[in-house]
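Open the model in your viewer and keep the sequence panel beside it. Each stop below tells you what to select and what is there.

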Amino acid sequence: MELSECPTCRVCRGPVLPGYALCYQCDQARQVAGGLLADAVAPVAYAVKGGDLARDLWRYKSERDRDDQAAARLREMLASFLVTYGDRVWKAARMPGKPRGLAVVPSGQGRPGSHPLLALAEPAAALPVISLSVRAGHAVHGRYVSTDWLRVDGRVQIAGADMLLIDDSWVSGASAQSAAAALKLAGAARVATIVLGRHLDPADPRSATLVRALS
């Protein structure tokens with residue numbers, strides 16, 4: 001089967017059963033959060049478990065063996081995507097122009113300090129940064145949309161602004177959609193989410209056809 005013939009979720013581009021518009025996770029997120037979800041989600045590429053992109057997404061932020069070359073490759077990939085497809089993403093999110101602010105999805109484990117993703121995203125997007133961080137005592141969260149674990153920097157005015165939200169990996173999408181919801185609850189008008197790698201596991205039967213088509 002060709003890649004264009006593989007059924008994919010209209011939100012995250014992950015695998016779905018034939019005849020379904022949304023994957024299970026995105027359908028559940030819609031039922032829980034509805035209009036608080038991102039107005040558009042744009043994966044830059046598929047990150048197949050064990051593949052080059054999946055390794056880069058792990059190595060660029062590894063606390064023990066951080067790989068600067070992996071970070072450079074991801075930065076270049078993101079910058080190229082924004083130049084080539086940014087306008088399409090803003091249009092898909094129904095934005096009248098470019099977003100006015102940038103946020104990155106923080107680590108759900110409460111990683112201390114600035115997330116390495118910000119060092120990639122800030123120069124590529126060239127937008128004012130709105131800080132998203134993990135609330136104390138809320139570092140662990142499940143695979144569902146919830147804003148309880150997130151804090152939006154109150155020093156930045158985002159009321160009525162369109163926002164660009166960037167995440168490095170999408171597995172269930174819960175973290176990214178929770179961050180989008182937090183931004184909207186803080187006043188953001190629209191949120192466009194760009195994900196560096198949409199995770200695919202070749203061992204997962206639901207992903208097998210899509211992984212084969214990518215080979």
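Start by selecting helix H2, residues 52–59. Helices here are DSSP runs of H or I with at least four residues, strands are runs of E with at least two, and both are numbered from the N terminus. Which residues of H2 are buried? They are Leu53, Asp56 and Leu57. Buried means under 20% relative accessible area, exposed means over 50%, and partly exposed lies in between (1.4 Å probe, protein chains only). The three sit on the same side of H2, because they cover an arc of only 100° around the axis. That arc is taken from the directions running from the helix axis to the C-beta atoms. Now show what covers them: strand S1 (40–48), helix H3 (68–92), strand S5 (162–170) and strand S6 (190–200) are included. Contact means heavy atoms within 4.5 Å.

Two notes on the numbers before moving on. Residues count from 1 along each chain as its sequence is written, and side-chain values use heavy atoms, with hydrogens and water left out. This is a predicted model, so local features need pLDDT of at least 70 and side-chain atom pairs count only at pLDDT 80 or more, while totals for chains, interfaces and linings use all residues.

Two packed helices are described by the angle between their axes and the distance between the axes. The crossing of H3 and H4 is right-handed, meaning that the near helix is turned clockwise from the far one by less than a right angle. To see the contact, select Ala71, Leu74, Arg75, Leu78, Ala79 and Leu82 on H3, then Ala119, Leu120, Ala121, Pro123, Ala124 and Ala125 on H4.

How many aromatic pairs does the structure hold? One. Rings of Phe, Tyr and Trp (its six-membered ring) pair if their centres lie within 6.5 Å; planes under 30 degrees apart are stacked, over 60 edge-to-face, and the rest tilted. Select Phe81 and Tyr85: the ring centres are 5.2 Å apart and the planes stand at 40°, so this pair is tilted. Both belong to H3, four residues apart, which separates them by about one helical turn. Phe81 is buried at 11% relative accessible area. Tyr85 is partly exposed at 36%.

Go to helix H5 (residues 174–185) and pick Gln177. Buried or exposed? At 5% relative accessibility, Gln177 is buried. A polar atom of its side chain lies 3.0 Å from the backbone nitrogen of Ala38. Leaving out residues up to four places away in sequence, Gln177 touches Val11, Leu37, Ala38, Val41, Val145 and Trp170.

Now find Ala161, in the loop between strand S4 (150–152) and S5. Ala161 is buried, at 4%. Beyond its neighbours within four places, Ala161 contacts Arg100, Gly187, Ala188, Ala189 and Arg190.

Finish with the backbone. Arg13, in the segment before helix H1 (24–33), has a positive phi of about 65° although it is not a glycine. Arg13 is partly exposed, at 34%. Arg94, in the loop between H3 and strand S2 (101–104), also has a positive phi of about 65°. Arg94 is exposed, at 55%.

Methods. Polar contact = N/O pair within 3.5 Å; in protein donor to acceptor, adjacent residues only side chain to side chain.
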